[in-house]
Every structure is written in structure tokens, then in C-alpha cells.
Amino acid sequence: MNVASVSDRHALADETTIPFRPGPPTRPQERRRTGTVSRQDAMYMLGAGISSLSTTMLIFGRLTSLHGKLGFYVVALLIYIVVYAVLVSLTENRPAVIDRVMTVLVTTCALIAFLALATVIGYTIFRGWDAIFRSNTYLQDLSRTGPQDGLDRGGIKHAIVGTLIMISLTLVFTVPLSVACAIYLNESRSRASGFVRTVVTAMTALPSILAGLFIFSAWILTLGFQRSGLAASIAVSIMMLPIMIRSADVVLRLVPGNLREASAALGAPQWRTVWHVVLPTARSGLMTSVILGVARGVGETAPVLLTAGYTATINYNPLKAPMVSLPLTAFELVRSPLQTQITRGFATAAVLMILVLILFSAARLLGGRPAGHHTKRQAKRATAHSRRDLVRMQARTRGMGR
Amino acid sequence: LTVSTVVDVATVDVPVPVPRRLSRRRRGSDRSFFAGVSVSGVVVLAIMLGVGLFLTLQATDALSKVGLWKFLTTERWEIGRARFGIAAVMTFTVEIALVAVVIAVPISMGTALFITEVAPRWLRSTLISLVDLMAAVPSVVYGLWGKALLQGQVVPLSRWLNTWFGWIPIFHVRGADPNSPLSSPSVYTASTFIAGIVVAMMVMPIQCVVMREVFSQVPLGEREGAYALGSTRWGMIRVVTLPFGRGGIIGGTMLGLGRALGETIAVVLIISPRFDITHHVLEAGSNSISALIANRYSEDLGLGLSALFAAGLALFAVTLVVNFTASWFVARSRSGASSEA
């Protein structure tokens with residue numbers, strides 16, 4: 001490089017315009033909002049809501065002779081949508097207006113669904129309220145309760161006991177069989193297992209009342225057994241079996257293939273792979289499927305109606321004499337014209353629902369964990385197990401060294 | 001490494017490698033394990049086929065008595081005079097199920113879309129549990145709710161529909177006078193419409209679970225692509241989510257239809273049975289095959305029971321077709337490979 005060229009570059013540099021660089025920001029930068037609801041939207045919603053409420057109140061009773069709660073809400077919703085669409089169209093274009101209206105509609109659908117659930121639960125508890133909080137409801141049966149007796153006498157102990165006995169029997173029948181069958185479907189990929197799977201899928205379509213009719217005709221009429229808790233649990237089992245096999249099948253299919261392959265590569269025979277790898281991995285999923293199946297079976301009325309008979313006395317023996325379950329008791333009590341019986345029926349339904357709720361929460365607590373993710377205790381147990389294995393292996397290599 | 005070690009290794013006497021014999025036959029403990037598991041498969045198969053066979057055998061008695069065609073076209077159910085058929089009960093069953101599905105599908109689709117697209121992330125798992133809980137609520141509870149709470153709310157709606165839309169045949173009610181404010185509400189109670197609404201609430205969560213499952217599998221890239229092209233949320237749902245989930249929507253709908261056809265207790269609680277076909281869904285009185293079985297199973301244990309079996313078999317055939325169509329749709333859709341319905 002010589003001196004001349006340097007001076008040239010100086011000359012060039014003099015002609016360069018330096019681009020404008022903004023200095024440091026004068027005020028702190030604002031984070032851009034990525035949320036979907038702006039303040040304006042909220043104001044629009046509020047405005048449309050107030051407008052639709054007042055218009056509907058004006059329409060109902062003042063301008064026309066419309067009445068009824070359901071109609072009120074429907075009209076209010078329609079007016080809300082129209083007003084809201086008009087408000088949004090003041091500032092936004094057509095696609096945005098359609099988007100807002102559809103969002104309102106979708107949200108309404110969800111609201112209807114969850115409102116229905118809330119009223120189903122709330123109304124049942126409300127109607128059964130007078131009987132739910134009495135100890136005699138849980139400690140007595142209805143055998144000595146006359147039609148004139150108030151709610152302070154008689155209860156549904158017989159139905160609670162009956163439900164517990166029936167569901168335990170059903171579990172004994174279905175759980176081992178359904179898990180074994182699901183293992184069969186998963187471990188054997190032959191034409192035979194494909195056929196079994198098709199038949200099981202077909203039987204999930206069996207209406208539950210037909211399971212009851214089958215047991216009623218085959219077990220009670222043809223074989224001559226009595227109506228009993230056992231008959232009812234067999235009927236519920238026949239209804240539940242295909243459902244539980246299918247859900248267990250799905251859970252087992254979710255076990256990652258590389259776990260099976262790792263086990264096979266270590267030389268484990270198939271049954272060891274199933275027992276030590278597949279089943280422990282799928283344990284929480286299997287528990288969930290069993291519990292949800294039980295929740296379904298507990299609430300089943302139709303097969304029990306045909307096979308268990310109806311009684312107001314407590315019966316601990318599932319082999320003999322009629323035995324009732326909670327849903328059947330609720331069904332029979334509510335059909336009575338007496339107000340006290342109807343209240344008892346709703347209380348029975350509420351107890352049944354609480355039972356289902358407990359089972360359901362148990363399923364949520366136990367399940368919902370993907371295959372291979374351990375709880376703290378499971379992880380601790382697994383670590384302890386591998387530590388023991390390590391000690392064992394070290395002892396063996398030391399022995400070989402000598 | 002030196003050259004000599006390489007030579008050493010090469011000169012070691014290596015046996016000629018013989019390929020290991022691979023056998024797919026199970027040996028020893030595996031064979032007994034497999035035999036045990038297969039037995040359970042065979043037992044399940046035997047039970048299921050046994051039930052199916054028994055239903056068919058029991059039904060033949062009644063079918064041979066009146067003939068298949070007569071059985072399918074007769075409306076009455078008079079066992080003593082050997083005049084019975086499923087024309088009326090099957091029609092009512094299908095009507096109840098259709099009302100249920102027509103009401104349930106928009107709600108379940110909206111709820112599924114709300115959960116996957118609109119609801120804030122922290123709320124999603126709660127909503128999913130709530131829908132699952134709704135599916136687990138026993139049918140007798142829905143029945144009580146429908147009979148005691150819903151009926152009173154729906155009767156004014158029925159009256160309104162009849163008053164303003166009575167010229168549409170399905171909303172017409174015979175014997176109702178819309179101009180008289182004193183007319184008895186009993187012409188509107190216990191109708192197909194009310195039973196349909198209750199059954200709709202029961203099948204809604206079943207449909208919603210399937211649809212939500214499918215909607216949640218929409219590829220993120222396609223969602224983001226739509227957004228990047230300037231789509232609104234609804235635009236994205238319309239061009240990406242709904243086409244992707246079409247199989248799930250159809251499959252879920254049909255799965256719900258299958259459940260709606262077989263529902264017993266809620267229908268028994270609400271309807272008052274009748275045996276003449278009517279397509280006016282708001283009119284009092286309705287019927288269904290499962291309600292018929294629940295009401296009549298102990299009346300006539302000979303021919304009557306056989307006739308009930310035949311009716312039940314017809315119902316089973318319909319639900320079977322519906323369910324298999326549902327799984328066919330789900331399995332063939334783009335999203336269906338991994339979903340469980």
C-alpha cells in the first residue's frame with residue numbers, strides 16, 4: 001500500500017453519507033401484544049352484551065308476548081351476535097367479522113356443553129339434597145320403610161352394597177380376561193388374532209340391553225338360575241369385556257417398540273418381555289382403562305334391570321335372591337309417584353355420580369402419564385433395582401476374575 | 001500397532017463362520033406363555049360368538065312364525081295374535097337417534113374446536129377432563145335430568161316450533177291448538193324430540209372426544225402456513241383443521257349415532273310407548289327397540305321373548321353397520337392412522 005492510495009481513500013471517505021442511526025430509545029421499548037383479545041374487542045363484547053340484554057328484556061313482555069327462559073337466552077344470543085358483528089364491522093374487514101362471529105358461536109357451543117354438565121350434576125344433587133345429608137340414607141335399607149315414612153327413615157344401603165358386590169365380581173371376570181386377550185392381540189400378529197380383534201370390535205356395538213336379554217334368556221330361563229347379583233355381573237361383564245379389551249389393546253400398542261426390541265436383544269424370551277417391559281410400561285394406562293371401564297359398568301342400568309331383580313332388602317349373597325345396584329334403585333324410585341321416593345331416587349343418583357366422580361379422579365391421578373414416565377416412587381424403585389443388579393454383576397465379575 | 005501383531009491376529013485359527021439358525025418358532029417357556037394367552041383369546045372369541053349365535057337362534061323362532069318381510073314391515077306388537085314387527089319401533093329408534101345426532105354434532109364440533117383452537121392453554125386439560133367426565137356420567141342420571149328438568153323447559157320450545165313452523169311436517173303436532181293459551185302441554189311431553197335432546201347430551205361427549213383427538217393432530221406446519229398467509233383463526237380452521245379432521249368428524253358422528261341407537265334407560269324414562277309410525281317428532285309418545293325390550297321382557301316368555309330377540313338382533317345389525325362405517329371413515333382419513341376410534 002502506498003501513500004497515494006491512502007489519500008485517495010480519504011477523499012472517497014469524505015463523500016460517504018453516513019446512514020441515519022437512531023440513538024438509544026428515548027422511552028423503554030414496549031413489548032408487542034400477541035394476545036388475541038385487544039381492549040377494543042373487550043369493549044365491543046361488553047357493549048354487545050349490554051345491548052342484547054336490554055333489547056331482549058324489552059322484547060320479552062313489553063313488545064311481544066314471548067316468555068320462557070330458554071327462549072330468552074336464545075333471543076339474547078342472536079341479538080348479541082348481530083350487534084357484535086355490526087360493531088366489529090365498523091373497524092374490521094369481512095374475514096375478520098366472520099372470524100369473530102364464528103369464535104362467538106364456537107364458544108357458545110362449549111358453554112352449552114359445560115352448562116349441560118353443570119346442570120346435570122347440580123340438579124341431581126339439588127333434588128336429592130334432603131336425603132343426601134342424612135346418615136340413615138347410608139345405614140338403612142328400604143325394607144321397613146312404608147309409603148308414609150319421611151326421609152328420616154330408610155335408605156339405600158342395599159343398593160350401595162349391591163353395587164360394590166356386583167362391580168367387584170365384574171372386575172374379577174373382566175380384568176384378567178381382557179388384559180390377557182389384549183396381550184394376545186398385541187403379541188400375536190396372526191390371522192387368528194386379527195379375527196378376534198374384528199369380533200371384539202363388532203361386539204363393542206352390542207347394545208347393553210341385549211347383554212341383559214342374553215343372560216335373562218340363557219342363564220335364568222334356560223339354565224334355571226335365579227335372578228341374582230351374579231347374573232347381573234355376568235351381564236355387565238359381557239357388555240364391558242369388548243370395551244375393556246379395546247382400550248387395553250390401544251394402551252399396549254402405545255408401548256414404544258424400541259423397549260420391546262431392547263428386551264429381545266438382551267435375550268429375554270417373549271413372556272419376560274411382556275411381564276417385565278410391556279406391562280410395567282403400560283401399567284398406568286391399563287389402570288386408567290380399567291377404572292374408566294368400571295365407571296361405565298357401575299352406571300349401567302339396562303342389563304341389571306333384566307337380570308338382578310328388584311328388592312328393598314339388603315342382600316350380601318350374590319348367588320341367591322335379587323340384589324339391586326345404585327342406578328337400578330334410582331330408576332325404580334324415580335318412577336314412583338311419591339315425592340319422598342323421588343327425592344330418594346335423586347339422592348341415589350347423586351351417590352352414584354359421586355362414586356363415578358371418585359373413580360374418574362382416581363383414573364386421572366393414576367393415568368395420564370405417558371408410557372415410560374415414572375412417578376417418584378416408581379423411579380426410586382427402578383433405581384434401587386438397577387443398583388442391586390449392579391452389585392450382583394460386580395460380584396459375578398469379581399468371582400470370574402479370581 | 002506393529003505389523004507383527006496384525007500378522008499374529010491373522011494367523012489365529014478362526015472357525016469358519018456358520019450362519020446361526022434363526023427360527024420363528026417359540027420354544028420352552030414362551031410356548032406355554034403363548035398357549036395361555038391364546039386360550040384367553042379363544043375364550044373371548046367363544047363368548048362373543050356364543051352371544052351372537054344365541055341371539056340369532058332365539059330370534060329364528062319369531063322370524064319363522066311371521067316371516068322376515070312381515071316382521072320388518074308390521075307396525076304393531078301384538079304377540080298373542082302373532083302380529084308383530086319392528087317397522088314402528090325401528091322408525092322411532094332411528095328418529096330419536098337422528099334428532100340426537102342433529103343436535104349433538106354442532107355442539108360437539110364447537111366444543112372440540114373450542115378446546116383445541118380457542119381456549120387458553122392452561123384451561124385445555126381441565127376442559128378435556130370435563131368432557132371425559134361427561135361421557136362417564138351414568139345414563140340413568142341423564143334420564144332423570146331430562147325427565148325432571150329438561151322436559152319443562154323444552155315444552156314451551158316445542159309449542160313455539162309448532163306455532164310458527166307447524167307447516168313443516170316434522171314440526172307439526174296433531175291435536176294441538178296454537179291459538180288457545182289454555183291448551184294442555186301434555187300433547188308435547190314424552191316426545192321423540194325430548195328423548196332426542198337427552199340422548200344428544202349423552203352422545204355429545206363421545207363425539208367430542210373423537211373430534212378433539214383428530215383436531216389436535218393437525219400438523220403445526222399447515223396451521224402456521226395458513227396464519228403466515230394472513231388467515232384469520234376461523235379461516236385457518238376452515239381450510240386446515242376441518243378438511244384434515246373430516247374423517248374424525250364423520251367417524252365421531254357415526255360412533256355417537258351407534259350409541260344413540262342403543263340407548264335404553266334415558267329413553268324408557270322419558271317416552272310413553274306407542275306403536276304407530278309418526279314423523280311429527282314433537283308429538284307425545286315415541287318408542288325404541290331397547291325401550292321395548294326393557295318394558296316387555298317379562299311378559300310372554302315364549303314367542304314374545306323370541307320376538308324381542310329378533311328386534312334386538314335387528315338393532316344390533318344396525319349399530320354394527322354404523323360402528324364399522326365409523327371406524328372405516330376414521331381409519332381412512334389422513335389423521336386416522338394413530339387415532340383409536
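**Exercise 1.** Determine at what angle the axes of α6(A) and helix α7 of chain A cross, and which residues make the contact.

*Solution.* Step 1: the axes of α6(A) and helix α7 (residues 191-203) of chain A come within 9 Å and cross at roughly 135 degrees. Axes are lines fitted to C-alpha atoms, for helices over the stretch in contact, and angles run from 0 to 180 degrees between N-to-C directions. Helices are DSSP runs (H or I, at least four residues), numbered from the N terminus.

Step 1: α6(A) is therefore oblique to α7(A). Angles under 35 degrees count as roughly parallel, over 145 as roughly antiparallel, 65 to 115 as roughly perpendicular and the rest as oblique.

Step 2: Cys181(A), Tyr184(A) and Leu185(A) of α6(A) touch Ala192(A), Ser193(A), Val196(A) and Arg197(A) of α7(A), contact meaning heavy atoms within 4.5 Å. By class, this contact of α6(A) with α7(A) has five nonpolar, one polar and one charged residues. Here Ala, Val, Leu, Ile, Met, Phe, Trp, Tyr, Cys and Pro count as nonpolar, Asp, Glu, Lys and Arg as charged, and the others, Gly among them, as polar.

The model is predicted: local features need pLDDT of at least 70, side-chain atom pairs count only at pLDDT 80 or more, and totals for chains, interfaces and linings use all residues. Residues are numbered from 1 along each chain as its sequence is written, chains are lettered from A and ligands numbered from 1 in the order in which they are written, and side-chain values use heavy atoms, leaving out hydrogens and water.

**Exercise 2.** Describe how α6(A) is placed against α2(B).

*Solution.* Step 1: helix α6 (residues 157-187) of chain A and helix α2 (residues 29-66) of chain B have axes that come within 8 Å and cross at roughly 110 degrees. The two helices, α6(A) and α2(B), are therefore roughly perpendicular to each other.

Step 1: in α6(A), the residues in contact include Leu177(A) and Ile183(A), while those of α2(B) include Phe33(B) and Val44(B). The contact of α6(A) with α2(B) has 11 nonpolar, three polar and no charged residues.

**Exercise 3.** State how many residues of chain B and chain A are in contact, and what area is buried between them.

*Solution.* Step 1: 77 residues of chain B are in contact with 84 residues of chain A.

Step 1: about 7000 Å² is buried between chain B and chain A, and carbon and sulfur atoms give 81% of this area. Buried area is the accessible area (1.4 Å probe) that two parts lose on being put together, summed over both.
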